[in-house]
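Subject: Handover of a structure, with notes

Dear colleague,

I am passing on the structure below, together with notes on what was found in it. Please read them with the model open beside you.

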Amino acid sequence: MITKLLVANRGEIARRVFATCRALGVATVAVHSDADADAPFVAEADLAVRLPGHTPAETYLRIDLILDAARRSGADAVHPGYGFLAENAEFAAAVTDAGLTWVGPPAKAIAAMGDKMAAKALLADAGVPMLPTWTDPEQVTGFPVLVKASAGGGGRGMRVVRDAAGLAEAVAGARREAAAAFGDGTVFIERYVERGRHVEVQIFGDTHGTVVAQGVRDCSVQRRHQKIVEEAPGVLPDDVRTRLHSAAVAAGRAVDYVGAGTVEFLLAPDGQVHFLEMNTRLQVEHPVTELTTGLDLVRLQLLVAEGEPLPVSATPAAEGHAIEVRLCAEEPAEGYRPATGTLHRFAIPGVDREFGNLARAGLRLDSGVVDGSTVGVHYDSMLAKLVAWAPTRAEAARALAGALARAELHGVATNRDLLVRVLRSPEFAAADVDTGFLDRHPEVFAPLLPPERLPLAALAAALAGAAARRAAAPVLAGLPSGWRNVPAVPQLTRFTDIEISYRLTRTGALAEWESRVPLLTPEVEQGAPLNTEPEPAPAALVELVSAAPDGVVLDVDGVRHAFRVHRVGSAVFVDGPDGAASLTELPRLPRPAAALAAGSLLAPLPGAVAKVHVEVGQRVAAGDLLLTLEAMKLEHPVLAPADGVVAELPVPPGGQVETGAVLAVVDPEEDPQ
């Protein structure tokens, strides 16, 4: 019987496993990098062992360090979570050889499925339907195709290629990304199915020869081949569901599968089912299966690892509907690149349970972060998973979208607005989804806060700031302004993207206000006036109901709007009925800033230069690939902004950079006239 479990992983999956362990009375051990020393999962474990270093290669991917941590802490079992070493056959064998209980499938099964090409051949013999697949780019016949990493998942190392001309570079880029994420750059190529749905079957096996299917999930809504919305049960015809269950169980039996696993398929528009891969671990999206079946999949993992047979209740019928979204630290303004920084506030209203099943309709939160958590560059960008269960799919989608829209997510940019718009879209409501859903619906990338409502949010921020200054004033705190004591003169609050001018009466009422959009950047000479042009006068009649440092209530044409305001230094976060706004207040007397050389290309986030594709002095055209930046397990291309000549390449391959660092300088090509 397992008495002390070490989780060889981090973040929300470590917290998820610890939650079940606490319920079962199993002691817990965390391992952590230096970057994760203050993370919530470390604080929640009974014991924690430091893995010196920051990167995965230095820490979580070190089998020797994990086993040493188990020995030092007295753990008698190891759970791999997902990612890192979860699908590493060598790790599974090393844990078993060390006399520890391995909470996962046998090393033999992991090895069989880890080599995806060999797995395809094995499962094809077992009758599982397959897509045409190649390992040699020269042998590819017909396009489009998908280049995929052999050693991992999560969309890393994937490239869609639509013609032969782009195949070589796609294969090279996929190899680099796969090697960085999984330590293995092996890739293969398979036929790409347009308008296909990504569906998967949760399977479970025990040491007594039982393999069962526990329902079908639909994970079709993806971006960069990474799932962002998952649901169970998938909306499918009964005959398709039956075929999926049969194929998944056949796959499990072909490798004598033990423990939790997921068999992933591509469902073509014509109803044909094609095997994609088998993940020999617990999936990120396992909560939707738990909520619709009532099962605790981690509990079943522990029971099976102890040699117990699967209980008869391991295959209950699905009840109701569950939808999960992956909330990630991403910058919408930068093409949803992974974002880093401090999460100043992380509050989602209406959460009924963390890391557990729900007996009735409600929200479940599985998160790896709390207020004050730091999101760094070394790991992937997922902050949390929010899951809604309801009797119907429509109710689950509505509840999930409402909770996300009202959440206070301050400090690090997220994909929250995108998720809400997907959940509220008519196409999602009709279950009209496939892996190209986001490509066909660019409207879901629009921010929730309409541009015309930003001035109201900025006005609330300005009034809250004045209230905060009044509250902190040692003298004359009763003055209505916060900066000036002359009511006839308007107050001016400047933010990076908007400025607010307003005037209060002697009684504190809002006499007048207007918003302006800056025409110049804030790096102007000290004391110089900011060049602005007024926005059209607000058409709505706005009255101030109340103003406090943390909240403002405005009456807009007879309708009250409550704004929650949270200030951290110069950053101001406003949450209102129309959406959220993140503003940066400018100093009243800005200091001059150093100018960058024309044509400078800056790092959008911290990372390392993976490869430099050009040389100093080389002539390039607009859109040419200059270098690739590797950050948060993804490659980010840096392209030439215009025709010109490469003047500087200050960072060599492998060099680390911070946000805003100059990666390259391209001198614009002079007009021949």
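Strand β39 (residues 644–648) pairs with β41 in the antiparallel sense over four bridges, where two strands count as paired if DSSP finds at least two bridges between them. Strands here are DSSP runs of E with at least two residues, helices are runs of H or I with at least four residues, and both are numbered from the N terminus. Strand β41 (residues 662–668) also pairs with β34, again in the antiparallel sense, over three bridges, and V662 in β41 stands opposite L602. As a general point, side chains in a regular strand alternate between the two faces of the sheet.

Before going further, please note that this is a predicted model, in which local features need pLDDT of at least 70 and side-chain atom pairs count only at pLDDT 80 or more, while totals for chains, interfaces and linings use all residues. Residues are numbered from 1 along each chain as its sequence is written, and side-chain values use heavy atoms, with hydrogens and water left out.

Pockets and cavities

Both terms rest on a 1 Å grid over the protein atoms alone: a cavity is a set of points where a 1.4 Å probe fits but cannot get out, a pocket is an open set with protein on both sides within 12 Å along at least five of seven lines, and lining residues have an atom within 4 Å of a point. Grid points are joined across faces, edges and corners, and a volume is the space filled by probe spheres set on the points.

The second largest pocket holds about 1,400 Å³ of space. It is lined by 46 residues, of which E331, P332, A333, A413 and S582 are the closest to its centre. Among the elements that give two or more residues to this lining are β17 (337–338), α12 (416–424), β33 (579–584) and β34 (600–602), and the largest share, five residues, comes from β33. By class, the lining has 29 nonpolar, ten polar and seven charged residues, where Ala, Val, Leu, Ile, Met, Phe, Trp, Tyr, Cys and Pro count as nonpolar, Asp, Glu, Lys and Arg as charged, and the others, Gly among them, as polar.

There are two cavities of 30 Å³ or more in the structure. The second largest cavity, with a volume of about 30 Å³, is lined by L449, R453, F563, G576, P577, D578 and G579, which divide into three nonpolar, two polar and two charged residues.

Salt bridges

A search of the whole structure finds 37 salt bridges, each being a side-chain nitrogen of Lys or Arg within 4 Å of a carboxyl oxygen of Asp or Glu. One of them joins the side chains of D68 and R72 (3.3 Å, N to O), which both lie in helix α3 (residues 63–73), four residues apart, about one turn of the helix. D68 counts as partly exposed at 24% relative accessibility and R72 as exposed at 54%; with a 1.4 Å probe and protein chains only, buried means under 20% relative accessible area, exposed over 50%, and partly exposed in between.

The side chains of E200 and K227 also meet in a salt bridge (2.8 Å, N to O), and this pair links distant parts of the chain, with E200 in strand β10 (residues 197–205) and K227 in strand β12 (residues 226–232), 27 residues apart. Both E200 and K227 are buried. K227 forms a salt bridge with E264 as well, the closest N and O atoms being 3.1 Å apart, and here the link runs from β12 to strand β13 (residues 259–267), 37 residues apart. Salt bridges that share partners join E200, R217, K227, E230, E264, E285 and R326 into one network.

Aromatic pairs

The structure holds six aromatic pairs, that is, rings of Phe, Tyr and Trp (its six-membered ring) with centres within 6.5 Å, where planes under 30 degrees apart count as stacked, over 60 as edge-to-face and the rest as tilted. The rings of F84 and Y379 have their centres 6.4 Å apart and their planes at 90°, so this pair is edge-to-face. Y379 counts as buried, at 5% relative accessibility, and ring pairs link Y60, F84 and Y379 into a cluster.

With best wishes
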